[in-house]
Amino acid sequence: MNRNNILKSSILMFILGLVTSCGDLLDLEPPMTQVTENFYRDQNDAFQALTSAYNILNWSAPSTASGSPQNCAFEIVSEILGDACYAGGANANDIPTTGRINTFEMRVNDPAPEALWYKYFTGIYRANQLLVKIDNIKFVDENLRTRYKAEALFLRANYYFDVVRLFGNVPLILTPITPADYGQEQVAPEIIYKQIAEDLLELSMLRIQKAAIVFRPLLYSWTLPIKAG
């Protein structure tokens, strides 16, 4: 066997040894990244998921999905659309989006409508994720499972209440979707309002110990006269 053949054989044996040993050395579960497959396992995961759904409430001036900044919160847009304030800023070039909202001349690339759409459907997605997973999560305190479910129902109803008032016809999405499912049909506002009522009715029927209720809107929602159908 000449020197070239010895070298080739040595390289081949090294590669084979490397390949066969990788299966024992590699950990296929991401150690530093929480993903759907290794999340939603216990009570602490459920709390983090609920917190992420609440986090949307802090997006007072949300950015678009691509990260484009804007400064047109729901409170501003709703006041403009309700003719309760004047739109615009210091001059014509200061927040021009609000001026176009005021005159119903919004463009398809205006950041404000896109950012608000992204905000609320992100919140709806996060609430849906928890609602779908919560029954299979391991809880030490079962009362917490019920409470977290009630809060997720309230948050989904709250986000839909804002987005339907802004846009009218919107998709009704009650389960997590993938990019392949993004082509959702829009439904009439009355269908959205019916779902909001159903979510609030469902949470009002959940049995939660009064001592565990620290979420004031949840407590208040039980006093609302809700009718299904």
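## Packing of H2 against H6

In this predicted model, helix H2 (residues 43–55) packs with helix H6 (residues 142–167) at an angle of about 20 degrees, their axes lying 10 Å apart; axes are lines fitted to C-alpha atoms, for helices over the stretch in contact, and angles run from 0 to 180 degrees between N-to-C directions. H2 is therefore roughly parallel to H6, a term used for angles under 35 degrees. The crossing of H2 and H6 is left-handed, meaning that the near helix is turned anticlockwise from the far one by less than a right angle.

Contact (heavy atoms within 4.5 Å) is made by Gln43, Ala46, Phe47, Leu50, Ala53 and Tyr54 of H2 with Leu144, Tyr148, Glu151, Ala152, Leu155 and Tyr159 of H6. These residues divide into ten nonpolar, one polar and one charged, where Ala, Val, Leu, Ile, Met, Phe, Trp, Tyr, Cys and Pro count as nonpolar, Asp, Glu, Lys and Arg as charged, and the others, Gly among them, as polar.

## Packing of H6 against H7

The axes of H6 and helix H7 (residues 189–205) cross at roughly 160 degrees and come within 9 Å, so the two helices are roughly antiparallel to each other, the term for angles over 145 degrees. H6 passes H7 in a left-handed crossing.

On the H6 side the contacting residues include Leu153, Phe154, Ala157 and Phe161, and on the H7 side they include Ile192, Ile196, Leu200 and Leu203. The residues of the contact of H6 with H7 divide into 13 nonpolar, one polar and five charged.

## Basis of the values

Residues are numbered from 1 along each chain as its sequence is written. Local features need pLDDT of at least 70, side-chain atom pairs count only at pLDDT 80 or more, and totals for chains, interfaces and linings use all residues, while side-chain values use heavy atoms, with hydrogens and water left out.

Terms used
Helix = DSSP H or I, 4+ residues; strand = E, 2+ residues; numbered from the N terminus. Parallel < 35°, antiparallel > 145°, perpendicular 65-115°, else oblique.
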